[in-house]
Amino acid sequence: MQKQYALFICFLISMGIAAQETQTDSLSVPEPKSFVSNHQITNGGKLIKYTAIASETYLKNEKGEPVASIWSTAYVQQGVEDTTKRPVAFVFNGGPGSASVWLQMGMFGPQLVKTDSDATKDDGAAPYSLVPNTHGIMDLTDLVFIDPVGTGYSKVIGKGKEKDFWGLTQDANSVAQFIRQWVTENKRWMSPKYIIGESFGTTRAAGVANALEGDGQDMALNGLILISQALDYAGSTSEHDNITSYLTYLPSMAATAWYHKKAGQGKSLEAFVEECRNFTYNTYAPALYKGSLLTDTEKNKIAEQLSQFMGLDKAYILKSDLRVLVPRFQKQLLADKGLAVGRLDGRFMGDEVDKLSDGPHLGDPASYQIGSAYTAGLNHYYASTLKVDMDRPYLTGNDGIYGKWDWKPVPEGHGWEPSYVNVTRKLSETMRRNTEMKVMVACGYYDLICPFFDAEYTFSRNGIEREKVQLFYYEAGHMMYTHEPDLVKLANDIRVFLAN
(Lines give C-alpha, C1' and ligand atoms only; values in the text may rest on other atoms or scores of the structure.)
Protein backbone atom coordinates (compact mmCIF):
# COMPACT_ATOMS: atom_id res chain seq x y z
CA MET A 1 0.00 0.00 0.00
CA GLN A 2 2.85 2.37 0.89
CA LYS A 3 4.58 1.49 -2.41
CA GLN A 4 1.42 2.30 -4.35
CA TYR A 5 1.08 5.60 -2.45
CA ALA A 6 4.69 6.51 -3.27
CA LEU A 7 4.14 5.75 -6.95
CA PHE A 8 1.00 7.91 -6.87
CA ILE A 9 2.95 10.82 -5.35
CA CYS A 10 5.66 10.44 -8.01
CA PHE A 11 2.95 10.49 -10.66
CA LEU A 12 1.47 13.71 -9.28
CA ILE A 13 4.92 15.31 -9.11
CA SER A 14 5.68 14.30 -12.68
CA MET A 15 2.35 15.71 -13.83
CA GLY A 16 3.15 18.97 -12.08
CA ILE A 17 6.52 19.17 -13.78
CA ALA A 18 4.88 18.42 -17.14
CA ALA A 19 2.31 21.14 -16.55
CA GLN A 20 5.06 23.58 -15.59
CA GLU A 21 6.97 22.68 -18.74
CA THR A 22 3.83 23.16 -20.82
CA GLN A 23 3.28 26.59 -19.25
CA THR A 24 6.88 27.53 -19.88
CA ASP A 25 6.60 26.38 -23.47
CA SER A 26 3.51 28.56 -23.93
CA LEU A 27 5.57 31.57 -22.86
CA SER A 28 8.58 30.68 -24.98
CA VAL A 29 9.09 32.73 -28.11
CA PRO A 30 10.82 31.99 -31.41
CA GLU A 31 13.79 33.95 -32.67
CA PRO A 32 12.80 37.40 -34.00
CA LYS A 33 12.44 37.57 -37.76
CA SER A 34 14.39 39.91 -39.98
CA PHE A 35 14.18 40.58 -43.72
CA VAL A 36 17.12 42.47 -45.23
CA SER A 37 17.35 43.76 -48.80
CA ASN A 38 19.36 46.33 -50.75
CA HIS A 39 17.93 49.11 -52.91
CA GLN A 40 18.59 52.55 -54.33
CA ILE A 41 16.59 55.72 -54.84
CA THR A 42 17.16 59.29 -55.96
CA ASN A 43 16.22 61.88 -53.34
CA GLY A 44 17.30 65.50 -53.29
CA GLY A 45 19.09 65.00 -56.59
CA LYS A 46 21.37 62.33 -55.10
CA LEU A 47 21.46 58.60 -55.76
CA ILE A 48 21.15 56.90 -52.37
CA LYS A 49 22.02 53.24 -51.99
CA TYR A 50 20.38 51.88 -48.87
CA THR A 51 19.64 48.74 -46.91
CA ALA A 52 16.05 48.02 -45.87
CA ILE A 53 15.68 46.07 -42.62
CA ALA A 54 12.13 44.95 -41.88
CA SER A 55 12.38 43.16 -38.56
CA GLU A 56 11.13 42.24 -35.12
CA THR A 57 12.87 43.61 -32.03
CA TYR A 58 12.12 41.97 -28.69
CA LEU A 59 11.69 44.22 -25.69
CA LYS A 60 12.62 42.58 -22.37
CA ASN A 61 11.63 43.18 -18.77
CA GLU A 62 13.98 43.69 -15.84
CA LYS A 63 14.54 39.94 -15.62
CA GLY A 64 15.66 39.77 -19.24
CA GLU A 65 12.47 38.01 -20.35
CA PRO A 66 10.88 38.94 -23.73
CA VAL A 67 7.60 40.79 -23.23
CA ALA A 68 6.89 42.44 -26.59
CA SER A 69 7.80 42.20 -30.25
CA ILE A 70 8.16 45.57 -31.96
CA TRP A 71 8.03 45.59 -35.74
CA SER A 72 10.07 48.25 -37.51
CA THR A 73 11.18 49.02 -41.03
CA ALA A 74 14.52 50.81 -41.23
CA TYR A 75 16.11 52.40 -44.29
CA VAL A 76 19.83 52.94 -43.73
CA GLN A 77 22.20 54.50 -46.24
CA GLN A 78 25.08 52.25 -47.29
CA GLY A 79 28.76 53.26 -47.24
CA VAL A 80 28.51 55.96 -44.57
CA GLU A 81 31.94 56.20 -42.96
CA ASP A 82 31.10 58.76 -40.30
CA THR A 83 27.67 58.07 -38.80
CA THR A 84 28.08 61.03 -36.41
CA LYS A 85 27.07 63.21 -39.37
CA ARG A 86 24.28 60.97 -40.63
CA PRO A 87 20.97 61.68 -38.86
CA VAL A 88 18.36 59.04 -38.08
CA ALA A 89 14.65 59.81 -37.78
CA PHE A 90 12.21 57.58 -35.90
CA VAL A 91 8.73 57.72 -37.44
CA PHE A 92 5.33 56.62 -36.18
CA ASN A 93 1.65 57.37 -36.63
CA GLY A 94 -0.99 57.72 -33.97
CA GLY A 95 -4.36 56.39 -32.94
CA PRO A 96 -3.49 54.97 -30.51
CA GLY A 97 -3.97 51.82 -32.52
CA SER A 98 -2.53 52.98 -35.84
CA ALA A 99 0.51 51.44 -37.49
CA SER A 100 3.13 53.55 -39.28
CA VAL A 101 1.69 52.63 -42.69
CA TRP A 102 0.35 56.15 -43.33
CA LEU A 103 3.62 58.02 -43.00
CA GLN A 104 5.59 55.20 -44.61
CA MET A 105 3.37 54.73 -47.67
CA GLY A 106 2.07 58.30 -47.83
CA MET A 107 5.05 60.56 -47.16
CA PHE A 108 8.49 59.23 -46.22
CA GLY A 109 8.94 55.67 -47.51
CA PRO A 110 10.73 54.74 -50.76
CA GLN A 111 7.41 53.87 -52.43
CA LEU A 112 4.14 55.75 -52.03
CA VAL A 113 0.51 54.80 -52.57
CA LYS A 114 -1.02 56.87 -55.33
CA THR A 115 -4.43 58.25 -54.28
CA ASP A 116 -6.63 61.01 -55.66
CA SER A 117 -4.79 64.20 -54.77
CA ASP A 118 -7.83 66.43 -55.15
CA ALA A 119 -10.16 64.37 -52.92
CA THR A 120 -12.83 64.27 -55.63
CA LYS A 121 -13.31 60.50 -55.86
CA ASP A 122 -13.13 57.30 -53.86
CA ASP A 123 -10.07 55.20 -54.66
CA GLY A 124 -12.33 52.14 -54.82
CA ALA A 125 -11.01 48.59 -55.03
CA ALA A 126 -7.67 47.12 -56.11
CA PRO A 127 -5.48 47.35 -58.09
CA TYR A 128 -3.80 50.51 -56.79
CA SER A 129 -0.62 52.22 -57.94
CA LEU A 130 2.69 52.48 -56.10
CA VAL A 131 5.16 55.12 -57.27
CA PRO A 132 8.77 55.91 -56.30
CA ASN A 133 9.03 58.66 -53.70
CA THR A 134 10.99 61.24 -55.64
CA HIS A 135 10.30 63.81 -52.92
CA GLY A 136 11.72 61.71 -50.09
CA ILE A 137 14.36 62.82 -47.59
CA MET A 138 16.63 59.78 -47.55
CA ASP A 139 19.51 61.91 -48.82
CA LEU A 140 19.32 63.75 -45.48
CA THR A 141 18.50 61.07 -42.93
CA ASP A 142 18.06 57.37 -42.26
CA LEU A 143 14.48 56.42 -41.39
CA VAL A 144 13.09 53.93 -38.87
CA PHE A 145 9.32 53.34 -39.00
CA ILE A 146 7.98 51.98 -35.71
CA ASP A 147 4.75 50.05 -35.09
CA PRO A 148 3.86 50.18 -31.37
CA VAL A 149 2.52 47.09 -29.60
CA GLY A 150 -0.82 45.98 -31.01
CA THR A 151 -0.29 47.58 -34.43
CA GLY A 152 1.32 46.29 -37.61
CA TYR A 153 3.07 43.01 -36.75
CA SER A 154 3.91 44.18 -33.21
CA LYS A 155 2.43 42.21 -30.33
CA VAL A 156 2.75 41.15 -26.72
CA ILE A 157 4.87 38.01 -26.28
CA GLY A 158 6.16 35.82 -23.46
CA LYS A 159 5.26 37.20 -20.05
CA GLY A 160 4.17 40.56 -21.42
CA LYS A 161 0.68 41.90 -20.81
CA GLU A 162 -1.35 44.36 -22.88
CA LYS A 163 -1.74 46.71 -19.91
CA ASP A 164 2.05 47.11 -19.83
CA PHE A 165 1.92 48.83 -23.23
CA TRP A 166 -1.58 50.16 -23.86
CA GLY A 167 -1.49 53.44 -22.00
CA LEU A 168 -0.25 57.00 -22.31
CA THR A 169 2.87 56.50 -20.20
CA GLN A 170 3.36 52.80 -20.95
CA ASP A 171 3.30 53.42 -24.70
CA ALA A 172 5.87 56.22 -24.52
CA ASN A 173 8.17 54.14 -22.32
CA SER A 174 8.06 51.11 -24.64
CA VAL A 175 8.82 53.19 -27.75
CA ALA A 176 11.67 54.93 -25.89
CA GLN A 177 13.01 51.50 -24.92
CA PHE A 178 12.91 50.41 -28.57
CA ILE A 179 14.70 53.57 -29.74
CA ARG A 180 17.50 53.12 -27.19
CA GLN A 181 17.86 49.49 -28.18
CA TRP A 182 17.94 50.27 -31.91
CA VAL A 183 20.47 53.07 -31.42
CA THR A 184 22.69 50.81 -29.30
CA GLU A 185 22.55 47.81 -31.65
CA ASN A 186 23.27 50.00 -34.68
CA LYS A 187 25.99 52.06 -32.95
CA ARG A 188 24.22 55.37 -33.58
CA TRP A 189 24.52 57.14 -30.23
CA MET A 190 26.51 59.98 -31.81
CA SER A 191 24.14 60.43 -34.77
CA PRO A 192 21.73 63.40 -34.78
CA LYS A 193 18.32 62.00 -33.82
CA TYR A 194 14.81 63.14 -34.68
CA ILE A 195 11.27 61.95 -34.07
CA ILE A 196 8.52 62.37 -36.67
CA GLY A 197 5.01 61.75 -35.35
CA GLU A 198 1.50 62.28 -36.63
CA SER A 199 -1.71 62.90 -34.63
CA PHE A 200 -1.56 60.80 -31.43
CA GLY A 201 1.98 60.15 -32.65
CA THR A 202 2.72 63.73 -31.61
CA THR A 203 1.34 62.98 -28.15
CA ARG A 204 3.65 59.96 -28.14
CA ALA A 205 6.56 62.05 -29.45
CA ALA A 206 6.38 64.42 -26.50
CA GLY A 207 6.18 61.48 -24.11
CA VAL A 208 9.05 59.61 -25.76
CA ALA A 209 11.29 62.70 -25.81
CA ASN A 210 10.66 63.03 -22.08
CA ALA A 211 11.14 59.29 -21.38
CA LEU A 212 14.45 59.24 -23.26
CA GLU A 213 15.86 61.59 -20.63
CA GLY A 214 15.57 58.96 -17.88
CA ASP A 215 16.32 55.32 -17.02
CA GLY A 216 20.03 55.97 -16.64
CA GLN A 217 20.52 56.30 -20.42
CA ASP A 218 19.86 59.96 -21.12
CA MET A 219 19.31 60.49 -24.85
CA ALA A 220 18.80 64.04 -26.13
CA LEU A 221 16.97 64.56 -29.40
CA ASN A 222 17.88 67.16 -32.00
CA GLY A 223 14.32 67.86 -33.00
CA LEU A 224 10.68 66.86 -33.26
CA ILE A 225 8.54 67.04 -36.40
CA LEU A 226 4.89 67.07 -35.35
CA ILE A 227 2.37 66.47 -38.12
CA SER A 228 -1.19 67.43 -37.13
CA GLN A 229 -0.26 67.91 -33.49
CA ALA A 230 -2.40 66.66 -30.61
CA LEU A 231 -0.70 67.74 -27.41
CA ASP A 232 -3.61 69.29 -25.48
CA TYR A 233 -6.80 67.31 -26.07
CA ALA A 234 -9.09 70.07 -24.83
CA GLY A 235 -8.53 71.74 -28.19
CA SER A 236 -9.14 68.59 -30.26
CA THR A 237 -12.16 67.10 -28.49
CA SER A 238 -15.45 68.43 -29.85
CA GLU A 239 -17.82 67.73 -26.98
CA HIS A 240 -20.67 69.60 -25.28
CA ASP A 241 -19.54 72.16 -22.68
CA ASN A 242 -15.88 72.04 -23.76
CA ILE A 243 -15.58 75.75 -24.53
CA THR A 244 -11.97 75.43 -25.72
CA SER A 245 -13.01 73.15 -28.59
CA TYR A 246 -15.66 75.56 -29.93
CA LEU A 247 -12.88 78.12 -30.28
CA THR A 248 -10.14 75.90 -31.69
CA TYR A 249 -12.33 74.28 -34.35
CA LEU A 250 -13.99 77.43 -35.69
CA PRO A 251 -11.15 78.56 -38.02
CA SER A 252 -10.95 75.04 -39.52
CA MET A 253 -14.71 75.10 -40.07
CA ALA A 254 -14.30 78.47 -41.79
CA ALA A 255 -11.49 77.14 -44.00
CA THR A 256 -13.59 74.11 -44.95
CA ALA A 257 -16.62 76.29 -45.70
CA TRP A 258 -14.37 78.47 -47.87
CA TYR A 259 -13.10 75.41 -49.76
CA HIS A 260 -16.66 74.29 -50.54
CA LYS A 261 -17.63 77.85 -51.55
CA LYS A 262 -20.07 78.24 -48.66
CA ALA A 263 -18.27 81.18 -47.04
CA GLY A 264 -15.53 83.74 -47.59
CA GLN A 265 -15.93 84.01 -51.32
CA GLY A 266 -13.94 86.82 -52.91
CA LYS A 267 -11.25 86.46 -50.24
CA SER A 268 -8.10 84.40 -50.18
CA LEU A 269 -8.02 81.44 -47.81
CA GLU A 270 -5.31 83.04 -45.68
CA ALA A 271 -7.16 86.36 -45.42
CA PHE A 272 -10.44 84.66 -44.52
CA VAL A 273 -8.74 82.48 -41.91
CA GLU A 274 -7.02 85.51 -40.38
CA GLU A 275 -10.37 87.28 -40.17
CA CYS A 276 -11.80 84.25 -38.37
CA ARG A 277 -8.82 84.11 -35.97
CA ASN A 278 -9.48 87.69 -34.90
CA PHE A 279 -13.20 87.05 -34.49
CA THR A 280 -12.48 83.91 -32.42
CA TYR A 281 -10.12 85.64 -30.01
CA ASN A 282 -11.86 89.00 -29.71
CA THR A 283 -15.57 88.26 -30.10
CA TYR A 284 -16.45 84.57 -29.97
CA ALA A 285 -14.43 83.70 -26.84
CA PRO A 286 -15.99 86.43 -24.66
CA ALA A 287 -19.45 85.50 -25.97
CA LEU A 288 -19.01 81.82 -25.06
CA TYR A 289 -17.85 82.69 -21.58
CA LYS A 290 -20.73 85.11 -21.14
CA GLY A 291 -23.16 82.31 -22.06
CA SER A 292 -26.79 82.92 -21.11
CA LEU A 293 -25.89 86.42 -19.94
CA LEU A 294 -25.84 87.50 -23.60
CA THR A 295 -28.76 89.68 -24.60
CA ASP A 296 -30.92 88.56 -27.53
CA THR A 297 -29.41 91.34 -29.62
CA GLU A 298 -25.88 90.20 -28.83
CA LYS A 299 -26.72 86.57 -29.48
CA ASN A 300 -28.30 87.35 -32.86
CA LYS A 301 -25.28 89.37 -33.88
CA ILE A 302 -22.86 86.57 -32.95
CA ALA A 303 -25.02 84.02 -34.80
CA GLU A 304 -24.97 86.20 -37.92
CA GLN A 305 -21.18 86.44 -37.78
CA LEU A 306 -20.79 82.70 -37.16
CA SER A 307 -23.01 82.02 -40.15
CA GLN A 308 -20.66 84.06 -42.33
CA PHE A 309 -17.69 81.98 -41.17
CA MET A 310 -19.27 78.51 -40.91
CA GLY A 311 -21.43 78.66 -44.01
CA LEU A 312 -24.41 77.40 -41.97
CA ASP A 313 -27.84 78.96 -41.59
CA LYS A 314 -28.15 81.50 -38.80
CA ALA A 315 -31.28 79.71 -37.52
CA TYR A 316 -29.34 76.46 -37.14
CA ILE A 317 -26.58 78.23 -35.24
CA LEU A 318 -29.11 79.83 -32.89
CA LYS A 319 -30.73 76.43 -32.25
CA SER A 320 -27.22 75.17 -31.45
CA ASP A 321 -26.86 77.95 -28.86
CA LEU A 322 -23.87 79.31 -30.85
CA ARG A 323 -22.09 75.97 -30.24
CA VAL A 324 -21.85 73.73 -33.31
CA LEU A 325 -20.13 70.38 -32.73
CA VAL A 326 -17.83 69.16 -35.47
CA PRO A 327 -19.89 66.06 -36.49
CA ARG A 328 -22.93 68.30 -36.92
CA PHE A 329 -20.91 70.74 -39.01
CA GLN A 330 -19.75 67.83 -41.18
CA LYS A 331 -23.34 66.84 -41.80
CA GLN A 332 -24.85 70.32 -42.20
CA LEU A 333 -22.36 72.13 -44.43
CA LEU A 334 -23.40 70.30 -47.62
CA ALA A 335 -26.82 69.10 -46.41
CA ASP A 336 -28.42 70.71 -49.44
CA LYS A 337 -26.50 68.19 -51.57
CA GLY A 338 -27.04 65.24 -49.24
CA LEU A 339 -23.28 65.02 -48.60
CA ALA A 340 -21.14 64.92 -45.47
CA VAL A 341 -17.63 66.34 -45.38
CA GLY A 342 -14.61 64.48 -44.03
CA ARG A 343 -13.21 64.74 -40.52
CA LEU A 344 -9.58 63.97 -41.28
CA ASP A 345 -9.83 66.22 -44.31
CA GLY A 346 -12.77 68.53 -44.96
CA ARG A 347 -12.13 68.42 -48.71
CA PHE A 348 -13.51 64.87 -48.90
CA MET A 349 -17.25 64.27 -49.33
CA GLY A 350 -19.41 61.22 -48.71
CA ASP A 351 -22.88 60.46 -50.04
CA GLU A 352 -24.98 59.66 -46.97
CA VAL A 353 -27.91 57.23 -47.02
CA ASP A 354 -29.45 58.84 -43.94
CA LYS A 355 -29.68 62.52 -44.74
CA LEU A 356 -30.80 63.51 -41.23
CA SER A 357 -28.39 61.70 -38.91
CA ASP A 358 -26.57 63.70 -36.24
CA GLY A 359 -23.17 63.51 -37.92
CA PRO A 360 -21.86 61.25 -40.72
CA HIS A 361 -23.24 57.74 -40.14
CA LEU A 362 -21.06 55.99 -42.74
CA GLY A 363 -17.83 57.04 -41.06
CA ASP A 364 -15.22 59.52 -42.22
CA PRO A 365 -15.09 59.89 -46.03
CA ALA A 366 -11.47 61.04 -45.74
CA SER A 367 -10.66 57.68 -44.13
CA TYR A 368 -12.78 55.10 -45.93
CA GLN A 369 -12.02 56.54 -49.36
CA ILE A 370 -8.26 55.87 -49.07
CA GLY A 371 -7.87 53.25 -46.31
CA SER A 372 -8.07 50.19 -48.58
CA ALA A 373 -5.44 51.62 -50.93
CA TYR A 374 -2.94 52.11 -48.10
CA THR A 375 -3.57 48.65 -46.65
CA ALA A 376 -3.18 46.92 -50.01
CA GLY A 377 -0.18 49.05 -50.94
CA LEU A 378 1.70 48.26 -47.73
CA ASN A 379 1.04 44.51 -47.94
CA HIS A 380 2.05 44.37 -51.59
CA TYR A 381 5.19 46.42 -50.98
CA TYR A 382 6.29 44.25 -48.05
CA ALA A 383 5.73 41.01 -49.98
CA SER A 384 7.06 42.01 -53.39
CA THR A 385 9.87 44.47 -52.60
CA LEU A 386 11.07 43.75 -49.06
CA LYS A 387 10.25 40.02 -49.26
CA VAL A 388 8.56 40.02 -45.86
CA ASP A 389 6.94 36.71 -44.93
CA MET A 390 5.16 36.78 -41.57
CA ASP A 391 2.72 34.33 -39.98
CA ARG A 392 0.10 36.93 -39.02
CA PRO A 393 -1.75 39.82 -40.68
CA TYR A 394 -0.36 43.34 -40.63
CA LEU A 395 -2.81 45.50 -38.66
CA THR A 396 -2.88 48.99 -40.15
CA GLY A 397 -5.33 49.82 -37.37
CA ASN A 398 -6.47 48.07 -34.21
CA ASP A 399 -9.76 49.33 -32.76
CA GLY A 400 -9.48 46.83 -29.90
CA ILE A 401 -6.84 49.00 -28.28
CA TYR A 402 -9.11 51.98 -27.57
CA GLY A 403 -11.35 50.35 -25.01
CA LYS A 404 -8.35 49.11 -23.03
CA TRP A 405 -6.19 52.23 -23.26
CA ASP A 406 -5.05 53.87 -20.01
CA TRP A 407 -5.19 57.62 -20.59
CA LYS A 408 -4.19 58.59 -17.05
CA PRO A 409 -1.18 60.95 -17.08
CA VAL A 410 -0.60 60.36 -13.37
CA PRO A 411 0.79 57.24 -11.62
CA GLU A 412 -1.57 54.52 -10.43
CA GLY A 413 -2.98 55.31 -7.02
CA HIS A 414 -3.30 59.06 -7.58
CA GLY A 415 -6.94 60.05 -7.27
CA TRP A 416 -7.03 63.27 -9.29
CA GLU A 417 -6.11 63.79 -12.92
CA PRO A 418 -6.80 66.46 -15.57
CA SER A 419 -10.00 65.97 -17.55
CA TYR A 420 -8.17 66.16 -20.88
CA VAL A 421 -4.80 64.74 -21.81
CA ASN A 422 -2.16 67.46 -22.07
CA VAL A 423 1.50 66.61 -22.66
CA THR A 424 2.54 70.13 -23.66
CA ARG A 425 3.97 70.96 -20.26
CA LYS A 426 6.06 67.79 -20.47
CA LEU A 427 7.38 68.94 -23.87
CA SER A 428 8.08 72.41 -22.49
CA GLU A 429 10.19 70.94 -19.68
CA THR A 430 12.07 68.70 -22.12
CA MET A 431 12.84 71.67 -24.37
CA ARG A 432 14.21 73.66 -21.44
CA ARG A 433 16.48 70.80 -20.37
CA ASN A 434 17.55 70.13 -23.97
CA THR A 435 18.12 73.71 -25.10
CA GLU A 436 19.15 72.77 -28.66
CA MET A 437 16.02 70.75 -29.50
CA LYS A 438 13.81 72.43 -32.09
CA VAL A 439 10.20 71.66 -33.01
CA MET A 440 8.47 71.79 -36.40
CA VAL A 441 4.65 71.67 -36.54
CA ALA A 442 2.76 70.89 -39.76
CA CYS A 443 -0.90 71.97 -39.84
CA GLY A 444 -3.63 71.27 -42.40
CA TYR A 445 -6.21 74.01 -42.91
CA TYR A 446 -9.00 71.46 -43.50
CA ASP A 447 -8.13 69.20 -40.57
CA LEU A 448 -11.30 68.71 -38.49
CA ILE A 449 -9.62 66.28 -36.09
CA CYS A 450 -6.57 68.24 -34.93
CA PRO A 451 -7.36 71.83 -35.99
CA PHE A 452 -4.56 74.20 -36.93
CA PHE A 453 -5.83 76.90 -34.56
CA ASP A 454 -5.42 74.43 -31.71
CA ALA A 455 -1.71 74.24 -32.56
CA GLU A 456 -1.45 78.02 -32.34
CA TYR A 457 -3.40 78.05 -29.08
CA THR A 458 -1.34 75.19 -27.59
CA PHE A 459 2.09 76.57 -28.43
CA SER A 460 1.23 80.05 -27.15
CA ARG A 461 0.80 78.64 -23.63
CA ASN A 462 2.16 75.88 -21.39
CA GLY A 463 5.57 77.48 -20.90
CA ILE A 464 6.63 76.74 -24.48
CA GLU A 465 9.60 78.71 -25.79
CA ARG A 466 7.83 79.91 -28.91
CA GLU A 467 10.99 80.96 -30.74
CA LYS A 468 12.03 77.29 -30.89
CA VAL A 469 8.81 76.23 -32.62
CA GLN A 470 8.04 76.65 -36.32
CA LEU A 471 4.48 76.29 -37.63
CA PHE A 472 3.76 75.49 -41.29
CA TYR A 473 0.37 75.44 -43.03
CA TYR A 474 -1.00 73.32 -45.88
CA GLU A 475 -4.15 73.41 -48.02
CA ALA A 476 -5.23 69.91 -47.08
CA GLY A 477 -6.21 68.07 -43.93
CA HIS A 478 -4.83 65.79 -41.23
CA MET A 479 -2.75 63.82 -43.75
CA MET A 480 -1.79 66.82 -45.85
CA TYR A 481 0.56 64.66 -47.92
CA THR A 482 -2.45 63.08 -49.66
CA HIS A 483 -2.63 66.38 -51.55
CA GLU A 484 0.36 66.19 -53.91
CA PRO A 485 1.27 69.91 -53.90
CA ASP A 486 1.38 69.76 -50.11
CA LEU A 487 3.43 66.56 -50.12
CA VAL A 488 6.04 68.51 -52.07
CA LYS A 489 5.74 71.55 -49.79
CA LEU A 490 5.94 69.46 -46.60
CA ALA A 491 9.01 67.63 -47.90
CA ASN A 492 10.72 70.94 -48.71
CA ASP A 493 9.79 72.45 -45.34
CA ILE A 494 11.24 69.42 -43.57
CA ARG A 495 14.39 69.72 -45.65
CA VAL A 496 14.87 73.28 -44.49
CA PHE A 497 14.14 72.30 -40.87
CA LEU A 498 16.68 69.46 -40.93
CA ALA A 499 19.30 71.58 -42.68
CA ASN A 500 19.01 74.26 -40.00
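Throughout this talk, a contact means heavy atoms within 4.5 Å. Please also keep in mind that the model is predicted.

I begin with phenylalanine 35, which lies in strand β1, residues 34–43. Which residues does phenylalanine 35 touch, not counting residues up to four places away in sequence? The list comprises Ala52, Ile53, Ala54, Trp71, Leu386, Lys387, Val388, Asp389 and Met390. The C-alpha atom of phenylalanine 35 is separated by 6.0 Å from that of serine 55, although the two are 20 residues apart along the chain. Is phenylalanine 35 buried or exposed? Its relative accessible area is 15%, and buried means under 20%, so phenylalanine 35 is buried.

The buried residues in α11 are Gly371, Ala373, Tyr374, Gly377, Leu378, Tyr381 and Tyr382. Viewed down the axis of α11, these buried residues fall within an arc of 160°, and therefore they line one face of the helix. Their cover includes β3, α2, β5, β6 and α10.

Finally, helix α3 runs over residues 168–185. From first C-alpha to last, its 18 residues reach 26 Å, close to the expected 26 Å. Buried residues of α3 include Leu168, Phe178, Ile179 and Trp182. Among the elements covering the buried residues of α3 are β2, β3, β9 and α4. Just after α3, lysine 187 adopts a positive phi of about 55°.

Thank you for your attention.

Notes:
Residues numbered from 1 in each chain as written. Predicted model: local features only at pLDDT ≥ 70, side-chain atom pairs only at ≥ 80, totals over all residues. Heavy atoms only, no water. Buried < 20%, exposed > 50% of the residue type's maximum accessible area, 1.4 Å probe, protein only. Helix = DSSP H or I, 4+ residues; strand = E, 2+ residues; numbered from the N terminus. Arc of directions from axis to C-beta. Expected span 1.5 Å × (residues − 1).
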